[in-house]
Amino acid sequence: MDDVKKDTSFCTLVLYKQHYRNKYTQSLPDSSYSSWGYYDGFDIRIPDVSYTYANKKEISLLTKMHSESRKIITELQGFYGVQIIGLLRNQYNKTYEQFIENYKCKKYPYFGIGFVMMNDKLQYDVLQKKIEEENQKQNELQILVMQTFDTMDAVVLIQSNCLRELEKCLRKLENISQIVYLYTIVGVAQSYLNICSEKKIELKWNERDCNIEKKIPLLTLKIASENPKKIRTIIESKSIMETDINKYFKEADFKYMHGHHNVFIQFRNIPVKFLIFLLLPNGLLSHENELFGTSIYNIETDCLYDFDIADGERGQDTQVTDDLPELLTDMYIKTVQKYLENENNTYLHNLVLILNALSQFEHFRMARDVYYLVFRAFNNFLMEFDKLSREKNDEKIDELNVEITKMIGYINSVVTQSIHTDQNFLAIPGYSGISFWLPIKLTIYYQELAYKIIKIYREKKHQYDVMLVPELETKPYTKEKRIEGSENIIHTIIVKFGQRMLFQPSLHIVLIHELSHYIGEEYRQRILRKNKIVELMAFLTVKFLFKGVIQENGSIQKEIDSYITNVQEKIEAFYLRKINKKCSNDYYASDIAKALQSAAWNIIMADSKDPLFEEVFGTLSDWDAIIKKIDEIEPGMDGEEIFFEAKNCLSSNRMKARYSVEVENLICSLVRVFKEIYSDISAYAILQFPFEEFQDAFSISEEKQIDNTNVDCQQSIREYVMAHIMKNGSEIKVNNRGLEISGNNSVYDQMYSYDLVKKQLCEYAEECMQKIQYRFNKADNDVIDSIRIAYTHFKQQNDSDIFSIVIKENDAYEKETYRQIKSFTKKFPVKRT
């Protein structure tokens with residue numbers, strides 16, 4: 001039973017909205033509930049325990065939640081749309097166990113869902129205890145409170161054998177002071193409807209009275225129909241009216257209405273059995289009814305009970321007011337519109353549109369977390385736009401407009417997917433707009449993690465802001481935009497990654513790795529990196545230029561090797577000279593790569609009359625001296641012929657280099673691997689993960705299973721270096737296929753098999769690790785400990801602390817963002833009008 005407990009601490013809520021069709025041949029799943037209101041039905045999927053242990057490897061709770069949500073997609077056949085919401089339980093207890101067991105066997109015919117937003121999301125456990133304890137003695141219903149990483153703060157589940165008691169329970173939630181918004185859905189078990197018929201609505205279900213004679217004070221149907229004038233005639237002409245149920249239709253009010261629906265039908269004081277009758281297969285509210293798609297396009301139903309809104313003991317609500325002089329989006333809209341007075345600019349029109357759209361999230365406190373997700377990064381671009389506009393720097397404004405347009409695309413992606421729970425399906429047939437589940441609380445958690453890493457690697461005169469942009473499927477990709485501020489260099493980092501990674505603990509490793517490409521300027525040892533890149537590139541250049549030189553015996557070979565070593569030293573000196581001349585003192589990797597490519601091309605293209613050729617490869621007199629030494633070593637050998645073979649090989653390889661990109665590829669790969677190794681070391685310094693998790697992070701980010709049969713040379717050398725850094729005495733299995741030496745391979749294919757390359761990369765990694773760890777102070781270590789604890793919890797199969805950790809990080813992020821908005825608003829750069 002323990003294993004079952006571990007794997008049933010979460011479930012998946014599925015909301016159904018049936019598509020508009022001319023004919024319906026498939027109903028909702030038998031396990032679902034048919035509902036009234038906007039949605040046509042819902043279901044709660046309890047995970048299957050067995051799949052968890054299929055590969056004999058533990059799967060984290062979040063990974064299992066995502067896996068279960070994907071199973072639902074495989075069932076879709078075009079008849080209905082779905083919204084998929086993962087629910088989890090912060091504690092496993094008897095209340096949860098009994099509720100789930102009763103749900104599995106559909107012990108109760110009626111089910112209600114309450115999506116809750118709270119005035120203080122940190123009090124979720126207090127709310128859960130209050131709701132469940134107050135209702136634990138109820139005989140006619142069971143109640144359970146679940147958590148979600150979606151926009152809502154809690155989801156209340158109620159199952160009952162009495163519709164009125166269920167409704168009363170939902171309305172009692174409205175009187176709880178911690179709840180500021182409640183969205184409800186109620187339905188009837190499809191399995192119960194299947195055993196009922198037009199002639200007989202079953203009185204009992206699973207030996208429980210279904211209370212079908214109890215009254216519903218008001219039932220309304222809103223119908224989108226082909227011909228409103230004929231709708232009543234059509235309904236009354238159908239065979240369903242042959243039963244005694246038809247009296248309720250005769251007493252109903254039929255009226256016109258505006259909007260999507262054009263017919264409004266109102267019933268008063270009808271029994272529950274009448275509603276069940278309408279929901280039966282082929283009933284009026286069932287899409288299998290032959291009227292759907294022909295005379296009727298859509299019906300939405302509401303049940304209204306006579307509970308007085310004034311009933312209850314709720315005290316006076318706390319008034320929530322902003323202490324901002326003016327909301328930031330409003331001020332930016334005014335600023336941009338001032339520039340529009342003088343020019344007709346499409347970029348500015350788009351900017352006003354996105355600001356106008358974002359303003360509703362800044363204005364509305366229950367949706368402000370969506371605004372907080374994008375504010376910090378977007379604000380950097382807006383400030384730069386305002387500055388350049390006032391300076392009338394048209395050239396830079398054009399460049400910035402392109403960046404802002406990209407930023408708008410990122411914002412649209414984040415916002416559209418983040419409002420998942422609250423987003424209605426489109427009213428007209430077509431695209432639902434929801435391509436994947438982006439749980440906003442997890443996104444904010446990782447965004448706060450990013451800012452924690454930035455704080456640890458803080459740098460003077462540098463300000464870093466981050467925006468995470470999950471996409472449907474993409475390999476992790478990071479982009480930076482630098483803006484020269486009056487006091488600081490402002491770095492805006494955009495991190496893209498596949499949305500499924502939000503549910504993978506490995507995102508901790510991947511995110512820190514990606515951020516480390518831009519933060520931690522003083523820890524990446526740029527001068528040491530430059531010197532090692534130059535040394536190794538000189539070594540690899542020589543390997544390429546003298547590849548194929550015939551190996552001689554004994555002392556003759558030593559003389560040839562001495563010449564090649566001398567060439568390598570000359571190339572290294574030339575490379576270093578060019579880099580020092582062309583690069584700034586920062587020695588950025590991109591600048592080093594460009595300088596090296598230029599220097600290598602100079603060497604490859606230099607002819608025998610070029611001073612550079614003689615500097616690197618020697619003069620005729622230098623060559624004659626070598627030939628003379630060979631003759632002295634082996635009097636019977638032709639020294640000139642032996643050395644000619646070496647010169648001929650050099651000439652041939654230089655010619656090949658002019659028509660290939662191998663040398664360029666060597667440079668790009670070498671520079672990149674130094675960058676990647678630093679980011680790997682940075683992630684390890686923070687998280688201290690075991691080697692297997694480092695390998696798993698690769699497989700997840702690269703979207704393929706990586707092993708020794710499916711690994712490239714960069715992956716192999718990074719594993720080799722990380723294994724060297726970890727060297728904790730345990731055996732570490734490196735995927736080392738990319739480090740194998742083969743005489744037939746190019747220098748590029750086996751560049752990381754050379755001992756010198758391995759040695760220098762390991763030395764660089766050691767220096768970076770020492771530099772980073774030496775830098776951490778007590779405050780840094782406290783933050784690092786909190787990150788490691790969270791990472792450990794995220795890896796567990798079942799962990800009630802995950803939600804608590806995520807909520808606390810959400811709260812910290814939102815408070816700090818609000819503080820920044822408040823501070824910035826007070827010193828807004830443009831005088832408000």
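Select Asn-282, in the loop between helix H9 (272-279) and strand S14 (296-304). Helices (H or I, at least four residues) and strands (E, at least two) are DSSP runs, numbered from the N terminus. Asn-282 has a positive phi, near 75°, and is not a glycine. With a relative accessible area of 47%, Asn-282 is partly exposed; buried means under 20% relative accessible area, exposed over 50%, and partly exposed in between (1.4 Å probe, protein chains only).

This is a predicted model, in which local features need pLDDT of at least 70 and side-chain atom pairs count only at pLDDT 80 or more, while totals for chains, interfaces and linings use all residues. Residues are numbered from 1 along each chain as its sequence is written, and side-chain values use heavy atoms, leaving out hydrogens and water.

Next, go to Asn-206, in the loop between strand S9 (204-205) and strand S10 (208-209). Its phi is positive too, about 55°, although Asn-206 is not a glycine. Most residues other than glycine have a negative phi. Is Asn-206 buried or partly exposed? At 39% relative accessibility, Asn-206 counts as partly exposed.

Now select strand S12 (residues 253-256) and strand S13 (residues 263-271). They run antiparallel and are joined by four bridges; two strands pair if DSSP finds at least two bridges between them. Tyr-256 stands opposite Val-263 in S13. The hairpin of S12 and S13 has six residues between the strands, and in it Gly-259 takes a positive phi near 95°.

Move on to helix H23 (residues 691-702). The expected span of a helix is 1.5 Å times one less than its number of residues. For the twelve residues of H23 that should be 16 Å, and the end C-alpha atoms are 17 Å apart, which agrees.

How many of the twelve residues of H23 are buried? Nine are, so H23 is mostly covered. Among the buried residues are Phe-691, Phe-694, Phe-698 and Ile-700; Glu-693 and Gln-695 are also on that list. To see what covers them, show helix H15 (507-515), helix H22 (662-687), helix H24 (713-726) and helix H26 (778-794), which are included in the cover.

Finally, zoom out. The protein has 27 helices and 17 strands, and buried residues make up 56% of its 833 residues. Among contacts (heavy atoms within 4.5 Å) between residues at least 6 apart in sequence, 77% join residues at least 24 apart.
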